[in-house]
Amino acid sequence: MSLAKYEVFSTVVELGSLTRTAEKLGLTQSAVSHAIASLESEWGFTLLTRGRAGIGLTPNGARVLKHVRDIIQRSELLKQEVASIQGLETGTVRIGTFTSISTQWLPGIMKRFQAEHPAIEIKLLEGDYDEINDWITSGAVDFGFVSLTAARPFDIIPLTKDNLLCIVPDESPYREMTVMSLAQLQAEPFIMPKWGKESDLLRIIKVNRLSLNIKYEVLEDQAIMAMVKNGLGISILPAMVLYEALDGIHMIGLEGDPYRTIVLAAVSFKQLSPAARKFKKHITAWLSEQQVSL
């Protein structure tokens, strides 16, 4: 069946590995390779490239990927609609998320949701804002959490404001300050968080024409905090990340009280599957109960 081949192709692109795809889908690696070869034979062009950097998409593969994922989504939607008519609850919801959401919100949300809807499977893809935007656009996820500044022209639901704070090592002369000016950031080695090309921090730097002394660019929040603790520089992180700050660092407010607005984004919330609609509603209800929503 072509749908099974489409799922193999989409998963290989998602994971970048035939072996990991085989493990995830419960197939042999030979079966995964055969499915890709069968599609390439059927369509008459190569879908994937294989090199030292791993598996990637050919230009033609990139052109058909969104259509393949659209078909997979439509099939999932049909399956869920039929189950709903039959009085059943089933399906899979795929969500794009980033570290602080995965840590702070999703465990509580998912625990309650799966207690109420045990037959609905939740799958998480974690990345930066750019990756999440790409997953939403391509159909790899049903919806995702992103910053409003970074969000593409999707349907969005604003969720909460998250203050941005400066972090310095305990021995820093700035540690006694309650508010740090943006100009003062330029005087110290800076550790730049890698949130994506349209992050709130990059917007602040651009709007205020700051010239930061960027020594390192780091993706992981915990790594940034550890580097600050060891005196390698200062940085800026959201308050959600700093809920359990490491010993040895100090948090300081920033001039103008900058913040990021976290939103839920989708190509179209009206076209979500029944399972995805249920999970979206569950997210907003949980946040309201926790008093963290706008």
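This is a predicted model: local features need pLDDT of at least 70, side-chain atom pairs count only at pLDDT 80 or more; totals for chains, interfaces and linings use all residues.
**Entry 1, conventions.** I took helices as DSSP runs of H or I with at least four residues and strands as DSSP runs of E with at least two, both numbered from the N terminus. Residues are numbered from 1 along each chain as its sequence is written, and side-chain values use heavy atoms, with hydrogens and water left out.

Of the 294 residues, 47% count as buried (under 20% relative accessible area; over 50% is exposed and anything in between partly exposed, with a 1.4 Å probe and protein chains only). I then looked at contacts (heavy atoms within 4.5 Å) between residues at least 6 apart in sequence, and noted that 73% of them join residues at least 24 apart. The domain assignment, automatic or from a database, gives domain 1 as 1–63 and domain 2 as 160–260, and the centres of these two domains, taken over C-alpha atoms, lie 41 Å apart.

I traced the axes of helix α1 (residues 2–15) and helix α4 (residues 59–85), which come within 9 Å of each other and cross at roughly 120° (lines fitted to C-alpha atoms over the stretch in contact, with angles from 0 to 180 degrees between N-to-C directions). That angle makes α1 oblique to α4 (under 35 degrees is roughly parallel, over 145 roughly antiparallel, 65 to 115 roughly perpendicular and the rest oblique). On the α1 side I listed L3, Y6, E7, F9, S10, V13 and E14, and on the α4 side G61, V64, L65, V68, R69, I71, I72 and S75. The residues of this contact divide into nine nonpolar, three polar and three charged (Ala, Val, Leu, Ile, Met, Phe, Trp, Tyr, Cys and Pro are nonpolar, Asp, Glu, Lys and Arg charged, and the others, Gly among them, polar).

I followed α2 on to helix α3 (residues 29–43), where the axes come within 8 Å and cross at roughly 105°, which makes α2 roughly perpendicular to α3. Here L18, T19, T21 and A22 of α2 touch Q29, V32 and S33 of α3, and the residues of that contact are three nonpolar, four polar and no charged.

Which residues of α7 are buried? I noted Y129, D130, I132, N133, W135, I136 and S138; with seven of the 10 residues of α7 (residues 129–138) buried, the helix is largely enclosed by the rest of the structure. Those buried residues pack against α4, β3 (91–97), β4 (120–126), β5 (143–147), α8 (200–207) and β12 (259–266). I took N133, found in α7, for a further look: N133 is buried, with a relative accessible area of 1%. Leaving aside neighbours within four places in sequence, N133 is in contact with V146, A150, A151, R152 and F154.

Is R52 buried or exposed? R52 is exposed, at a relative accessible area of 92%, and I located R52 in the loop between β1 (48–51) and β2 (54–57). From R52 to R69 I noted 17 residues in sequence and 26 Å in space, C-alpha to C-alpha.

I also checked backbone angles, keeping in mind that most residues other than glycine have a negative phi. R209 has a positive phi, near 50°; R209 belongs to the loop between α8 and β9 (213–218) and counts as exposed at 77% relative accessibility. D257 likewise has a positive phi near 50°; I placed D257 in the loop between β11 (249–254) and β12, where D257 counts as exposed at 57% relative accessibility.
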